[in-house]
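User: Here is a chain to look through. Please answer my questions in order and keep it brisk.

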Amino acid sequence: MPPAGERALDRVRVVFPAALGPVPFAAMLLADLGAEVVRIDRAGAAGVIDTALADDPRTRGQRSIGIDLKQPRGRAVAVRLAASADVLLEGMRPGAMERLGLGPADLHAVNPRLVYGRATGWGQDGPLAQTVGHDINYIARAGALHPIGDPDRPPAVPLNLVADFGGGGAYLALGVLAALVQRGRTGRGQVVDSAMVDGAASLTTMIHGMLGSGAWRPERGANLLDGAAPFYRAYRTADDRYVAVGAIEPAFYRALLDGLELDPDDWPQHDRSRWAAQRTALAEIFASRTRAEWVKRFHGTDACVTAVSTPDEAAADPELAARGVFVDWDGLRQPAPAPRLSASPAVARPRCGQAADTAEILAELGLGEDEADELRAARAVFAAPVRP
């Protein structure tokens, strides 16, 4: 059992230049597990997302320093940070960190133990490495977008959850943790190449298994898990809201039919020739009552019928509150850290604004006040947002 109050990644120091998409999410995951995370903010750079950094829950548990990485003296400060770090994360286009003199070879020369995590869309090599893109492009090429949505409409865009956060940030954090474990045996760091196209493809592994066995059809809207099955899809309710039905197992399907007062003999579950008619009939049934009425009807049953909640509704859900799925930290309701470790419970950690801790971090690096003042005067570092 760890000492009281110790968290899983206590004393693990993570540094990363501010970035979009997967990197700040991976940094949040590591910070939630106890890592000390230092973000390098760049002069004149916009926030990580379309809101102020101080409003972004992904900055919780971080500190930040303002550095102009285009200036040699600024880069020297970044190298000193990396020399004292366990992990560096970066999300620039392949070759950009090398051109700054901050690539893996540069930093491993001063810190062989450094785990160097890299997040890109298409990977560090290959014919697409220098191609621009966003979540939707990566999942499209990886085969993860096509199966999502109704067959008579374009594929439904699953926000940016699949590549940015699932296949990108979460896989980056996983790779970093694996590299840290191996470093404990070898004493040396390594490069983690986390490409969102790789991660998005990895998330479709089960589908490829089903394709290989003949259990999955290539066309959208013809399969068990893509909305074709009448017992695994969402339905509109009388108040223009939705309920989700996930009654896959026979016992759960029977509970669904019982709640809808339908005769099982008239509703065979896996007769695909009847699925279209069953979807139409269930749509009419669910449209006859409000979402709240259906939730009440199925509450406590095994029918796997749940409300489709908005993010605001989920954050206010009393049953999720009893589990602590959302927390009120630093004046903002936000998802709680996940997963949960029995000996290392989550603790409230404030969000971090831009370049909020520059003076403190410079002092920790051993820079005296005179040298820090010189760096600020040269705008190699900054302590508040400035325009170049």
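User: By class, how many nonpolar residues are in the lining of the second largest cavity?
Analyst: This lining has no polar and no charged residues. Ala, Val, Leu, Ile, Met, Phe, Trp, Tyr, Cys and Pro count as nonpolar, Asp, Glu, Lys and Arg as charged, and the others, Gly among them, as polar. A cavity is a set of points on a 1 Å grid over the protein atoms alone where a 1.4 Å probe fits but cannot get out, and lining residues have an atom within 4 Å of a point. The nonpolar count is 8.

User: What is the pLDDT needed for local features in this model?
Analyst: Residues are numbered from 1 along each chain as its sequence is written, and side-chain values use heavy atoms, with hydrogens and water left out. The model is predicted; totals for chains, interfaces and linings use all residues, side-chain atom pairs count only at pLDDT 80 or more, and local features need pLDDT of at least 70.

User: Which helix gives the most to the lining of the second largest cavity?
Analyst: The lining residues are Pro230, Tyr253, Leu256, Leu257, Leu260, Leu262, Trp267 and Leu282. Helices are DSSP runs of H or I with at least four residues, strands are E runs of at least two, and both are numbered from the N terminus. The helix giving the most, with 4 residues, is H9.

User: Which residues of H9 are buried?
Analyst: Helix H9 runs over residues 250-260. Its cover includes strand E8, helix H10, helix H11 and strand E9. Buried means under 20% relative accessible area with a 1.4 Å probe on protein chains only; exposed is over 50%, and partly exposed lies in between. The buried ones are Tyr253, Ala255, Leu256, Leu257, Gly259 and Leu260.

User: Which residue with a positive phi follows H9?
Analyst: Its phi is near 60 degrees. The residue is Glu261.

User: Which elements give two or more residues to the lining of the largest cavity?
Analyst: Its lining includes Val15, Pro17, Ala78 and Ala82. The elements are strand E1 (13-17) and helix H2 (72-83).

User: Over how many bridges do E1 and E2 pair?
Analyst: Two strands pair if DSSP finds at least two bridges between them. Val14 stands opposite Val37 in E2. E1 and E2 are parallel, and the count is 5 bridges.

User: Which residue in E4 stands opposite Val15?
Analyst: E1 and E4 pair in the parallel sense over 2 bridges. From E1, Arg13, Val15 and Pro17 point one way and Val14 and Phe16 the other, all buried. The residue opposite Val15 is Leu88.

User: Is the β-α-β unit of E1, H1 and E2 right-handed or left-handed?
Analyst: A crossover is right-handed if, with the strands pointing away from the viewer, the path from the first strand over the helix to the second runs clockwise. The unit of E1, helix H1 (residues 22-32) and E2 is right-handed.

User: Is Leu159 buried or exposed?
Analyst: Leu159 sits in the loop between helix H5 and helix H6. Because its relative accessibility is 61%, Leu159 counts as exposed.

Note on methods
Contact = heavy atoms within 4.5 Å. 1 Å grid on protein atoms, 1.4 Å probe; cavity = no way out; pocket = protein on both sides within 12 Å on 5 of 7 lines; lining within 4 Å.
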